[in-house]
Amino acid sequence: MSLTSALTIAQQSLQTTSKQTSVLSRNIADASNPDYARRTAVVVSSAPGARSVEIQRAANALLFRQNLSAQSAWSGQSTLYSGIDRLAVAVNGVDNASSASTAIGNLQNALQLYASTPSNQNLGSSVIDAAQQVVRALNDGTDAIQDFRTQADGEISTAVDDLKSLLSQFQDANKAVISATRSGTDASDALDQRDALLKKIADYVPVSTFTRGDNDMVITTKDGTTLFETIPRSVSFTPSAGYTAGTPGNTIYIDNVPVRAGTGGNASADGKLAGLITLRDGVAATMQSQLDEVARGLITAFAETAPSQPDRTGLFTWSGAPAIPAAGTLIDGLAGSIKVNAAMDPSVGGNPVLLRDGGANGAAYIANTDGNASYSQLLIGYGDKLDKPMPFDPSAGITVTSSVSDYAANAIGWFEGQRQQASTNADAKEALASRTAEALSNDTGVNVDQEMSLLLDLEHTYQASARMMKTVDDMLSSLLDAVG
């Protein structure tokens, strides 16, 4: 081997080692970056005696797809659970202290005390106060639910804007990948950026991908709707200024296809958008329907009756008074409009004695015609009606035949069941997302110990090449000295 050849080999070795060292240093620097895929500098022989370094990016398409799916599922479920948790406190208070069920229980207790001593008008006023608490629970619960739906609608609007921005960024990253692939340059950084954006997109909607020529990626949703193909497809949503009971929420469209919501507290709401729709139009809307049915049941239970006369509203009244709402039929927003009958409310000049004696709707409805101070039949009857089964609208999601007090308790039970189911599924989905992310990181991420070990090997290679160059230099110097 000539000295020139030896020098060339040493130079090539140093250049190769330098490139390999640069790749390892980059790996170590980005070891904590979850969106960074490990690079490997592979030495390739391109011609006799010629070598080059090719940078390869670690990838595992199967694990990446599994992680995207798990991430979408967890995002949707965690959105659902956190929303249900907020809704529970907003409507029912801590430990259900401000719930309609708790207020109805207090009303029953006050009614029993009044029935035991009907001559004590202070107890009559206490019943009216307890009825006001029931009304506040229903009115405030309605306001809280509709405020929550309005907030969820705003979150949907923000999420849609975020998704559109991510798709725009994805377009730029995808172009960079295609350009690098076509030019034969290293596309690793562009691929990292594209994959990172894909993970963020998967937080909002469940995605599936396939790659065409030149590494061009196409994104579809879980149900096959195209989300990105060369350019982002349209994502549209019109937010609402506010909500009232029974008002449906506007639909999110991806490429003119509606985004589907999940069902209740189960795991079908993949992605943040589906989770928010489920909260706004599923859980919150059903909760409102149940409050409306509780209100209808109360109006019916405390109705005034008289021979040959239609039933009329008694202790509780509403916008359709004095008529009683139709049995077993939901009236949207009734819980927001129910109120205590002014004829019985002493705070506005009413007389609580009318609850004991009857007559809020005129003389024909007076039951205690003798004015007996110990008369308690009506009071006992109202208490019995609160525990007597009546029909409820099945669209409210719980039992269709129940007493008012049981129905209110069942409404809380239904909601707690939704929350527990959402919590359990959120924990399971979080665990799966964590495991798939860990598996992907183990397969494509950076192991610092391994990289440091490789760096030591390269250091030895560098030292060997340097010694070779030193030897060649010494030999050349000796030759020059000999010639001189």
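Visitor: Which residue does K199 meet in a salt bridge?

Guide: This is a predicted model, in which local features need pLDDT of at least 70 and side-chain atom pairs count only at pLDDT 80 or more, while totals for chains, interfaces and linings use all residues. Residues are numbered from 1 along each chain as its sequence is written, and side-chain values use heavy atoms, with hydrogens and water left out. A salt bridge is a side-chain nitrogen of Lys or Arg within 4 Å of a carboxyl oxygen of Asp or Glu. The side chain of K199 has such a partner at 3.4 Å, N to O, and that partner is D35.

Visitor: How many residues apart in sequence are the parts that K199 and D35 tie together?

Guide: Helices (H or I, at least four residues) and strands (E, at least two) are DSSP runs, numbered from the N terminus. K199 lies in helix α5 (residues 188-204), whereas D35 lies in the loop between α1 (3-29) and β1 (39-47), so the pair ties together parts whose separation in sequence is 164 residues.

Visitor: Is K199 buried or exposed?

Guide: Buried means under 20% relative accessible area, exposed means over 50%, and partly exposed lies in between, using a 1.4 Å probe and protein chains only. K199 has 19% relative accessibility, so K199 counts as buried.

Visitor: How do the axes of α2 and α6 run: roughly parallel or roughly antiparallel?

Guide: Axes are lines fitted to C-alpha atoms, for helices over the stretch in contact (heavy atoms within 4.5 Å), and angles run from 0 to 180 degrees between N-to-C directions. The axes of helix α2 (residues 61-92) and helix α6 (residues 272-301) come within 8 Å and cross at roughly 30°. Angles under 35 degrees count as roughly parallel, over 145 as roughly antiparallel, 65 to 115 as roughly perpendicular and the rest as oblique. The angle therefore makes α2, relative to α6, roughly parallel.

Visitor: How many salt bridges does a search of the whole structure find?

Guide: Besides the pairs above, the side chains of D255 and R233 meet in a salt bridge at 3.0 Å, N to O. For the whole structure, the number of salt bridges found is 22.
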